[in-house]
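Here is a short report on selected side chains and their partners. Look at the structure first, then read on.

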Amino acid sequence: MARYYQPEIETAPREKILEIQNEKIVRQVRHVWDNVPYYRDLMMKKGVTPEDIHGVEDIKKLPFLSKSDLRDAYPYGLLGTDLKNCVRIHSTSGTTGKRVVAFYTQHDIDLWEDCTARAIVAAGGTEEDVVQVCYGYGLFTGGSGLHGGSHKVGCLTLPMSSGNTDRQIQFMMDLGATILCCTPSYAAYIGEALAEQGYKPEDNKLKAGIFGAEPWTEEMRRDIEKKLGIKAYDIYGLTETSGPGVSYECEEQKGMHINEDHFYAEIIDPDTGEVLPDGEKGELVFTSLDKEAFPLLRYRTRDICVLNRTPCSCGRTHVRMSKPMGRSDDMLIIRGVNVFPSQIEAVLLKEGYTPNYQIVLDRERNTDTFDVYVEVSADQFSDLMSQIQKMEKSLESALRTMLGIGPKVHLVAPKTITRSEGKAVRVVDKRKLHD
Amino acid sequence: MAITQISLFLMNQPGQLVDAVGTISGAGSNIRAMSIAEANDFGILRAIVTDTDKVCDVLKEKYLVTRTPVVAARMDDRHGALYPILEALNENNVNIEYMYAFTGTGPEEAYVVLRVQDPETAEAVLHAAGIETLSDDSLKI
């Protein structure tokens, strides 16, 4: 028997959802026009004014926002209200030059936590549950997002944050956690650690897990479900739109319901920007319908998805999105962290290396492996093994500082990095995350 | 008066070593001594070769090459001959980064190649202990 957190919204007839969206978009475009000069300029360049927007049908007239706009407007350029009205920020895992800082009013926090609360209830959560949140707390949206939703549902919330697996297991077993929230790779890791400590899947009280922030496969879902003895639910979101909870899975596990009363989704052709019909694969674009502090309109996520508007047997009427099937840019998501190859190149040049490198990603025990092969130049070569190993360590540390995630560096001889058609192959992704 | 060692950066893959040795051979050079240090992904081939300049020029086309001054200490090819060399260095706090040995062309003659931080000091220590060392000229390389 399906349960809902806000049944009147989650199961509203389509006409009702459309009505809410139409009303909100008119107000939101006016709010942005009045408060965000950066976006007003983009609208003026496109010859659009708030008077042209009568409903979601007109969203396609609005200009797009992309990551580079967020960078150009950093930090306050897209702020939609006075700072005195803001109560919090969150920031992406990206680093220098790519960092995004998102602002929240209390209203924005509330609607975000409603979204994560819907996800928790869709995963079977009630006030009887003990929710163990081991997403990172802090600038990352994962921890506080699920934490807030868990409070709203009335669950006992264990604010564990990430890491310290022994302690995670101790709290999980001693306090009888029933819902686990973390990245899928960490869930798999906890599953393995439990087995190593002699626990069988039926020894824990977990019934569900809400996993997101990184790409994962159906195979991985089955593996986690088996290891932990749970049902594993996917959750999607990005800092730019608020955080996890923009969309989430119900018990059908066939796509993630987008919280359409807060976020309007479009699928576009990434090359032409043209809106594609439902069912076609393209880039996912979100318009925030009622956020105050960071009201992004037509934000290009770069995630390639498909929307599915067929009715879901769970009773929710909100459109479903597929798991992202890839990216329309070169961003890599490694252990939940966003990495651009250009960041690696910048570190190499700064550390005196040639920009001849190759990133190799793979999966071992359901965790991403991250290797960077770098060509050594003649003036760096030494006859001393210790010297070369020191170079590897120091480059690993510089990359870790820049990326927030540590790769294994392998120094290799010049001209050994694979080249195809004369161009070096920068990324070899063997993780098979997409079909 | 240290001697010149060449070092090559080789990937830890089949075919790398045979190709490098073939290149040295192609330059008409004789390898008097060699050793390999291996890591996971790569290895460093260190060698004492004849016609060092020519070999370096040819190798540079294909490999990372570096020249390093190393000390070649003479010893008799008999048991216990290495000990006084290491003892002398140890007594004078000379640290050895790595070493390898080769036999000489004369009867019962052997050499140990020593990589140290400061070859001049190491040679002075050895000479004071009555131990001979080679130069590029004396080794005819």
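A:Arg222 is partly exposed, at 49% relative accessibility (buried is under 20% relative accessible area, exposed is over 50%, and partly exposed is in between, with a 1.4 Å probe and protein chains only). A:Arg222 forms a salt bridge with A:Glu219, and their closest N and O atoms are 3.5 Å apart. A salt bridge here is a side-chain nitrogen of Lys or Arg within 4 Å of a carboxyl oxygen of Asp or Glu. A:Glu219 and A:Arg222 sit 3 residues apart in helix H9 (residues 218-228) of chain A, so about one helical turn separates them. Helices (H or I, at least four residues) and strands (E, at least two) are DSSP runs, numbered from the N terminus.

A:Arg221 forms a salt bridge with A:Glu249, with the closest N and O atoms 2.7 Å apart. A:Arg221 lies in helix H9 and A:Glu249 in strand E8 (residues 243-249) of chain A, so this pair ties together parts that are 28 residues apart in sequence. Both A:Arg221 and A:Glu249 are buried.

## How the model is read

This is a predicted model, in which local features need pLDDT of at least 70, side-chain atom pairs count only at pLDDT 80 or more, and totals for chains, interfaces and linings use all residues. Residues are numbered from 1 along each chain as its sequence is written, chains are lettered from A and ligands numbered from 1 in the order in which they are written, and side-chain values use heavy atoms, with hydrogens and water left out.

How many salt bridges does the structure hold over all chains? The count is 40. One of them joins B:Asp76 and B:Arg78, with the closest N and O atoms 3.8 Å apart. B:Asp76 is partly exposed, at 35% relative accessible area. B:Arg78 is exposed, at 52%.

Salt bridges with shared partners also link A:Glu192, A:Glu196, A:Asp223, A:Lys227 and A:Arg365 into one network.

## A buried aspartate

Where is A:Asp290 found? It is in the loop between strand E11 (282-288) and strand E12 (299-305) of chain A. Is A:Asp290 buried or exposed? A:Asp290 counts as buried, because its relative accessibility is 11%.

Leaving out residues up to four places away in sequence, A:Asp290 touches several residues, including A:Gln28, A:His107 and A:Leu111 (contact means heavy atoms within 4.5 Å).
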